[in-house]
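Welcome! Open the structure in your viewer and follow along, one selection at a time.

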Number of protein chains: 2
Amino acid sequence: MEKSTKMIATFLLRLLALGATVAATVVMVTSHETTIVVNLEFEAKYSNDPTFKYFVVANAIGSLYGLCVLLMSSKSLLKRAIVTLDVTVSMLLASSFSAALAIAYLGKKGNSHAGWLPLCDQVPKFCDHVTGALIAGLAGVIIYLVLLLHTIHTVLNPLFP
Amino acid sequence: MEKSTKMIATFLLRLLALGATVAATVVMVTSHETTIVVNLEFEAKYSNDPTFKYFVVANAIGSLYGLCVLLMSSKSLLKRAIVTLDVTVSMLLASSFSAALAIAYLGKKGNSHAGWLPLCDQVPKFCDHVTGALIAGLAGVIIYLVLLLHTIHTVLNPLFP
């Protein structure tokens, strides 16, 4: 593949990753549902759970970082810093996605051993929103993993022919 | 730093990472406590929660991988594969740690919005065991991150002096 084609592919992947992290942040932040359970008003929102807050913060950081990298010159001397930051952001996104998935799964299925009841029957719209945010978050993680593996392939190729 | 010193440092880091992932697996698997709540016997064990199972599987995979890399010749031509696998294993460990932490935090603090009660007052020994496993898991994640950043530094250095 030509160098310019590779650069366009990387640019497009970074654009997709930015879209995914922005979507994950926005969809999670706007997830909100109010329902009445046994005469008590119950409001489900992302800020009720520290894990969902972490997911929002991680994806917001990922979005900001993705935007900065896209705006930077591709010939920048900061390439080593970018690989290091790619690794760090990938791990941050993967960790926030997994933590949010663990809590979302609990909200869907509950845990009978712990006596934690499922909530999605009460707040289905909230659960759909969270599921959407998680799908976008997973897309972000996968795209960053592909970018990382591509970088490793490109950088290590000349050393180990 | 000389090349041999660097190799010894990498070897020691990999040995530490292996110790951390093995400890995380063993401590989580052996976490177990039986208590009586309102005349009902309640057994807390890691296999009651899918997230803790994922933590055990991820750390077992990390341990097996760590052992294979330690036993392999350092002059092996598989170095590119090792970097790729390092990235993958790091993300796997980080994701399993975060997911398990999310559930452990819920067990400790509960979530009043969701009506999920904390459990650690009932099964303190189980919670201590899980905390120990999480600390070992976090150590594994940090060591793998250091290994990755070291590799990036070493590999990219000659290209960007």
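**First stop: a pair of helices**

In this predicted model, begin with chain B, where α1(B) passes α2(B) in a left-handed crossing. To see the pair, select residues 3–29 of chain B for helix α1 and residues 50–71 of chain B for helix α2. Their axes lie 8 Å apart, and the packing angle is about 150°. Angles over 145 degrees count as roughly antiparallel, so that is how α1(B) and α2(B) run relative to each other.

Now show the side chains where the two helices meet. On α1(B), the contact residues include Phe11(B), Leu15(B), Leu18(B), Val22(B) and Met28(B). On α2(B), look for Phe52(B), Phe55(B), Val56(B), Tyr65(B) and Leu70(B), among others. What classes of residue make up this contact of α1(B) with α2(B)? There are 15 nonpolar, six polar and one charged residues.

**Second stop: the two chains**

Next, colour chain A and chain B separately. The same surface serves both copies, as 100% of the contact residues of chain A recur in chain B.

**Last stop: a loop in chain A**

Finally, select Asn48(A), in the loop between β2 (40–45) and α2 (50–71) of chain A. Is Asn48(A) buried or exposed? Its relative accessibility is 13%, so Asn48(A) counts as buried; the cut-off for buried is under 20%. Beyond its neighbours within four places in sequence, Asn48(A) is in contact with Glu43(A), and also with Asn111(B) and His113(B).

Key
Residues numbered from 1 in each chain as written. Chains lettered and ligands numbered in written order. Predicted model: local features only at pLDDT ≥ 70, side-chain atom pairs only at ≥ 80, totals over all residues. Heavy atoms only, no water. Axes fitted to C-alpha atoms, helices over the stretch in contact; angles between N-to-C directions. Helix = DSSP H or I, 4+ residues; strand = E, 2+ residues; numbered from the N terminus. Parallel < 35°, antiparallel > 145°, perpendicular 65-115°, else oblique. Left-handed = near helix turned anticlockwise from the far one by under 90°. Contact = heavy atoms within 4.5 Å. Nonpolar A, V, L, I, M, F, W, Y, C, P; charged D, E, K, R; others polar. Buried < 20%, exposed > 50% of the residue type's maximum accessible area, 1.4 Å probe, protein only.
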